[in-house]
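Hi everyone, thanks for coming. Let me put the structure up, and then we can walk through it together.

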Amino acid sequence: MAHDYRELAAVFVGGALGTLARAALSSVVMREPAGWPWATFVVNIVGAFLVGYFTTRLLERLPLSSYRRPLLGTGLCGGLTTFSTMQVETVTMIRHGQWATAAAYTTSSIVLGLLAVHLATALVRRVRVRR
């Protein structure tokens with residue numbers, strides 16, 4: 001099976017940029033172990049918005065490209081967002097007896113993430129296509 005190394009490079013570059021952005025935000029925002037994990041929450045919601053934006057814009061508004069979606073969607077948004085960290089933070093809250101905070105964090109992350117994707121998609125589709 002042949003690999004498109006340029007596509008892999010696009011995922012790598014996008015992933016590195018997304019991961020660096022998440023790490024930078026996490027290093028600036030300090031938190032209590034059982035408190036609300038704002039850094040992860042923000043990057044996941046922003047990442048969901050960006051996935052909705054990039055996916056809709058790239059598939060519906062721009063000419064096809066072999067590298068934009070791997071760079072921006074898979075790479076950048078994949079590196080920026082972190083479902084696994086969200087799960088670890090939720091378990092940490094539960095271990096500290098913060099059941100309500102854990103439930104609110106998980107629920108709001110999922111609901112606001114879905115709303116962010118919907119909003120981004122709607123915004124892209126509202127913009128008139130110039131021909």
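**Thr-82 and its surroundings**

Let's start at Thr-82: leaving aside neighbours within four places in sequence, Thr-82 is in contact (heavy atoms within 4.5 Å) with Arg-22, Thr-40 and Asn-44. A word on what you are looking at: this is a predicted model, where local features need pLDDT of at least 70 and side-chain atom pairs count only at pLDDT 80 or more, while totals for chains, interfaces and linings use all residues. Residues are numbered from 1 along each chain as its sequence is written, and side-chain values use heavy atoms, with hydrogens and water left out.

Where does Thr-82 sit? Its place is in the loop between α3 (68-80) and α4; helices here are DSSP runs of H or I, at least four residues, numbered from the N terminus. Thr-82 counts as buried because its relative accessibility is 6%, and buried means under 20% relative accessible area, exposed over 50%, partly exposed in between, with a 1.4 Å probe and protein chains only. The side chains of Thr-82 and Thr-85 are joined by a polar contact of 2.7 Å, that is, a pair of N or O atoms within 3.5 Å, one able to donate a hydrogen and the other to accept it, with residues adjacent in sequence counting only if both atoms are side-chain atoms.

Now over to Thr-121, in helix α5. Thr-121 counts as buried because its relative accessibility is 16%. A polar atom of its side chain lies 2.9 Å from the backbone oxygen of Val-117. Not counting residues up to four places away in sequence, Thr-121 touches Gly-52 and Thr-56.

Next, the core. Which residues make up the largest nonpolar core? There are eight: Phe-41, Ile-45, Ala-48, Met-86, Met-93, Ala-102, Tyr-105 and Ala-116. Elements giving two or more residues to this core are α2, α4 and α5. A nonpolar core is a set of buried Ala, Val, Leu, Ile, Met, Phe, Trp, Tyr and Cys residues joined through side-chain atoms within 4.5 Å. Ala-48 touches Thr-81, Gly-113, Ala-116 and Val-117, again not counting residues up to four places away in sequence.

Asp-4 counts as partly exposed because its relative accessible area is 27%. From Asp-4 to Trp-38 is 34 residues in sequence and 37 Å in space, C-alpha to C-alpha.
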